[in-house]
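Visitor: Could you walk me through this model and tell me what stands behind each label you use?
Guide: Gladly, let us look together.

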Number of protein chains: 2
Amino acid sequence: MSEAKILDAALRLLDQGGPVAASVRRIAAEVGVAPNAIYTYFPDKAAVLRALAERLLGGVDHDVFADPEQHWGVRVEALALELRATLTAHPGAVGLLVGGPLDGPSSMALNERLLQLFADAGLGPAAAAQASYLLMVYVFGSVSREVAGVHEGGPLPPEPERAAARRAELSTVPVDRFPLTAAAAVTMAGSTSTEQYLWGLRRILVGLSAVAGPDGDDGSSGAVAR
Amino acid sequence: MSEAKILDAALRLLDQGGPVAASVRRIAAEVGVAPNAIYTYFPDKAAVLRALAERLLGGVDHDVFADPEQHWGVRVEALALELRATLTAHPGAVGLLVGGPLDGPSSMALNERLLQLFADAGLGPAAAAQASYLLMVYVFGSVSREVAGVHEGGPLPPEPERAAARRAELSTVPVDRFPLTAAAAVTMAGSTSTEQYLWGLRRILVGLSAVAGPDGDDGSSGAVAR
DNA sequence: ACAAACTTTGGACGCTGTACAGCCACGGTG
DNA sequence: CACCGTGGCTGTACAGCGTCCAAAGTTTGT
């Protein structure tokens with residue numbers, strides 16, 4: 001019996017049964033122990049879930065993206081993709097990441113890497129801090145919206161089926177009242193969620209590269225360009 | 001007795017006690033009725049919360065931003081600020097918005113307006129759809145992260161106290177292991193969350209304006225600029 | 001072999017969302 | 001006016017939840 005075994009069981013239940021399945025009693029049963037035994041290793045259920053979130057974030061190997069030879073934008077993009085892959089692999093656990101404060105060591109290591117990347121891009125400390133916050137918000141928010149609606153567990157279905165689901169759903173949009181929304185739904189159904197993710201990510205990177213430069217401008221002045 | 005009274009009570013409890021306080025029994029007690037009476041008007045608890053989310057989104061008056069005289073970027077920014085204000089006014093309810101699928105009429109009306117704004121900006125239908133998705137992700141994700149950690153109810157404390165809390169928290173960052181993160185925390189503590197929100201929002205708008213133009217390019221080609 | 005420390009357990013408390021059967025006050029029809 | 005059907009509401013109940021307490025069991029140190 002150990003913290004690791006408990007987290008294993010919790011993740012297993014979360015993966016196949018969603019958040020509702022990850023109860024203290026079920027976790028304990030999965031480990032083969034009485035419910036209360038959990039409280040020997042964690043003060044309460046929230047601590048278990050926090051630890052699990054930390055473990056998942058720790059699984060993102062971001063040392064790969066340290067190589068300063070490559071362009072910073074490419075490295076940020078690769079890291080964002082890696083992070084998304086890690087999160088979507090466990091849809092039921094995504095809620096743990098967006099709900100909590102993300103102040104564990106793995107979260108900080110990830111943030112540190114991101115800050116390093118933006119420093120490489122020529123952003124000053126203030127701009128890098130804001131940029132890393134922006135990117136985190138986008139990555140987590142995007143994945144969160146993507147898995148929203150997968151109420152009861154199971155992994156994310158493969159992309160073809162998800163596209164079909166989107167197509168079926170768009171017929172419920174009242175075309176006469178929301179013509180643009182209906183058209184947008186058709187458009188969105190025509191591309192994979194990875195493409196959509198990358199599109200937004202690249203807009204953000206473009207917006208960031210506009211403040212990147214040797215002067216270290218923090219880009220706080222003025223409204224949108226033009 | 002009516003749907004409206006139930007939603008009133010639910011929102012009241014959500015505001016002062018957070019998500020945990022919004023139980024069916026508590027809502028019923030607040031209305032002055034037996035718990036089961038709720039099920040006369042809503043099939044289950046989730047339906048109550050969905051309806052409440054819809055009502056909140058319906059409270060965002062976006063007709064104001066239809067005026068095509070003003071620059072599209074200014075109008076998007078104003079809408080994003082209005083939306084954020086609506087959400088942060090009820091921190092306990094933010095979770096309802098990021099969890100659900102956002103397919104109600106108010107959500108669609110909001111999306112429709114956003115699509116219109118991006119069409120005004122010169123984005124083609126595909127790019128407008130992606131842009132609106134990107135903006136929604138940012139707004140909801142940003143607010144969600146902002147209210148994360150306000151576990152037990154109550155309104156968001158005023159900005160000075162939040163800044164103080166951030167400052168107190170940053171002393172827990174191990175400076176030797178995460179120097180950039182520590183520095184970033186100091187930086188973030190020096191600006192209000194509204195400023196941070198606007199900073200990211202403007203990076204996104206800059207990134208979007210790069211694909212805005214008479215050609216209606218969908219901006220899908222190539223990696224980040226440079 | 002004894003004691004101390006730690007782990008695990010059975011049982012319980014108060015809470016949750018929700019189903020079933022019955023009550024009660026109302027509207028339309030004789 | 002009397003009647004009866006209908007629909008909102010209630011009392012009760014069930015299974016499950018997170019968590020605490022006291023007792024039991026197990027391991028460790030001497």
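Guide: Let us start with A28(B): apart from neighbours within four places in sequence, A28(B) is in contact with V33(B), A34(B), P35(B) and I38(B), where contact means heavy atoms within 4.5 Å. This is a predicted model, in which local features need pLDDT of at least 70, side-chain atom pairs count only at pLDDT 80 or more, and totals for chains, interfaces and linings use all residues. Residues are numbered from 1 along each chain as its sequence is written, chains are lettered from A and ligands numbered from 1 in the order in which they are written, and side-chain values use heavy atoms, with hydrogens and water left out.

Visitor: What makes A28(B) buried?
Guide: Buried means under 20% relative accessible area, exposed over 50%, and partly exposed in between (1.4 Å probe, protein chains only). A28(B) has a relative accessible area of 0%, so the residue counts as buried. A28(B) sits in helix α2 of chain B, residues 24-31. From A28(B) to R203(B), 175 residues away in sequence, the C-alpha distance is 45 Å.

Visitor: How do you know that S132(A) is buried?
Guide: The relative accessibility of S132(A) is 3%, and the limit is 20%, so S132(A) is buried. S132(A) belongs to helix α7 of chain A, residues 125-147. Helices (H or I, at least four residues) and strands (E, at least two) are DSSP runs, numbered from the N terminus.

Visitor: Why is the pairing of the side chains of S132(A) and N111(A) called a polar contact?
Guide: A polar contact is a pair of N or O atoms within 3.5 Å; within protein, one must be able to donate a hydrogen and the other to accept it, and residues adjacent in sequence count only if both atoms are side-chain atoms. The two side chains come to 2.6 Å, so the pair falls within the limit. Leaving aside neighbours within four places in sequence, S132(A) is also in contact with L114(A), L115(A) and F118(A).

Visitor: What makes a set of residues a nonpolar core?
Guide: Its members are buried Ala, Val, Leu, Ile, Met, Phe, Trp, Tyr and Cys residues joined through side-chain atoms within 4.5 Å. The largest such core has 112 residues, and F118(A), L123(A), F118(B) and L123(B) touch the most other members. A second, separate core of 19 residues includes I6(B), V48(B), L52(B) and L56(B). In soluble globular proteins, nonpolar side chains tend to be buried together.

Visitor: Which residues line the largest cavity?
Guide: Among them are V98(A), F140(A), R145(A), V98(B), F140(B) and R145(B). Helix α7 of chain A and α7 (125-147) of chain B each supply at least two lining residues.

Visitor: How many helices and strands does chain A have?
Guide: Chain A has ten helices and zero strands. Of its 226 residues, 52% count as buried.

Methods:
On a 1 Å grid over the protein atoms alone, a cavity is a set of points where a 1.4 Å probe fits but cannot get out, and a pocket is an open set with protein on both sides within 12 Å along at least five of seven lines; lining residues have an atom within 4 Å of a point.
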